[in-house]
Amino acid sequence: MTKAYIFDMDGTLVDNCMWHVVAWREFAHRHGRDISEKDILDWMGATSAYYMNRIFGREVPPEECAELTKEKESLYRSLYAPHMKMPDGLGELLQSARERGIRLAIATGGSIDNVDFILDGLGIRGMFDAVVDASQYRNGKPAPDCYLEAAERLGIAPAECVVFEDAVGGIRAAKAAGMKVVAITATVSREALSKASPDRIVASFTELAPDAPQDRL
């Protein structure tokens, strides 16, 4: 039986990935570099360091990476803030899960500043029992680290967790953690997501009935 829902953030809790694309491309341009939309989307869910190393073509030292990440994420937040909204059906799903005793967590490759930005912007901070950001685990998706860390913080076995994801790397991370995965077609196509073998693919949270049996998600 499912005892926990773990949500990816970017592209899942919010439909914001194209704003990250715009921000990454603008950031790269400011530094005399170029990055394609395809690369950004292919790497979605990876750590900021992963992006920085590939944009600059070298191993970016941690302190420099931290400063560059602040610049990029500040740009992203300024671009996305006027457009932030909760996806259809998400509020109902979260509320139903809370009422049914299902534990809720976020596991993201984003920074804590971005997590705060989204949770406070949507007013849903109090819904979650645990939040795992990029500073709290070692290996980014498709490694399972973030999802295993979230399960540990919830005190729930991985096999009893359902992950909600929008990216191929994230699906692979959740499957590697031994969890079931519901894929959302917010960022990439159903065909692309299906190659990572999620347990279910939906176009939006409205397809998930709030009162559905826990073991059917």
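Author: In this predicted model, a pocket is an open set of grid points with protein on both sides within 12 Å along at least five of seven lines, and its lining residues have an atom within 4 Å of a point.

Reader: What makes a residue part of the lining of the largest pocket, and which residues lie nearest its centre?

Author: The test is an atom within 4 Å of a pocket point. The lining of the largest pocket holds 31 residues, and Ser-48, Thr-69, Gly-109, Gly-110 and Ser-111 lie nearest the centre. Helix 1, helix 3, helix 4 and helix 6 each give two or more residues to this lining. Helix 4 gives the most, with seven. The space inside is about 580 Å³.

Reader: How do you know what kinds of residue line the largest pocket?

Author: Sorting the lining gives 10 nonpolar, 11 polar and 10 charged residues.

Reader: What is the volume of the second largest pocket, and how does its lining divide?

Author: Its volume is about 200 Å³. The lining divides into six nonpolar, one polar and three charged residues; among them are Lys-38, Pro-142 and Arg-172.

Reader: Why are the buried residues of helix 7 said to line one face?

Author: Buried means under 20% relative accessible area, and in helix 7 the buried residues are Cys-146, Tyr-147, Ala-150, Ala-151 and Leu-154. Seen down the helix axis, these residues fall within an arc of 135°, so they line one face.

Reader: Which elements do those buried residues pack against?

Author: The buried residues of helix 7 pack against strand 1, strand 2, strand 3, strand 4 and helix 8.

Technical notes:
Residues are numbered from 1 along each chain as its sequence is written. This is a predicted model: local features need pLDDT of at least 70, side-chain atom pairs count only at pLDDT 80 or more; totals for chains, interfaces and linings use all residues. Side-chain values use heavy atoms; hydrogens and water are left out. On a 1 Å grid over the protein atoms alone, a cavity is a set of points where a 1.4 Å probe fits but cannot get out, and a pocket is an open set with protein on both sides within 12 Å along at least five of seven lines; lining residues have an atom within 4 Å of a point. Grid points are joined across faces, edges and corners, and a volume is the space filled by probe spheres set on the points. Helices (H or I, at least four residues) and strands (E, at least two) are DSSP runs, numbered from the N terminus. Ala, Val, Leu, Ile, Met, Phe, Trp, Tyr, Cys and Pro count as nonpolar, Asp, Glu, Lys and Arg as charged, and the others, Gly among them, as polar. Buried means under 20% relative accessible area, exposed over 50%, partly exposed in between (1.4 Å probe, protein chains only). The arc is that of the directions from the helix axis to the C-beta atoms. Contact means heavy atoms within 4.5 Å.
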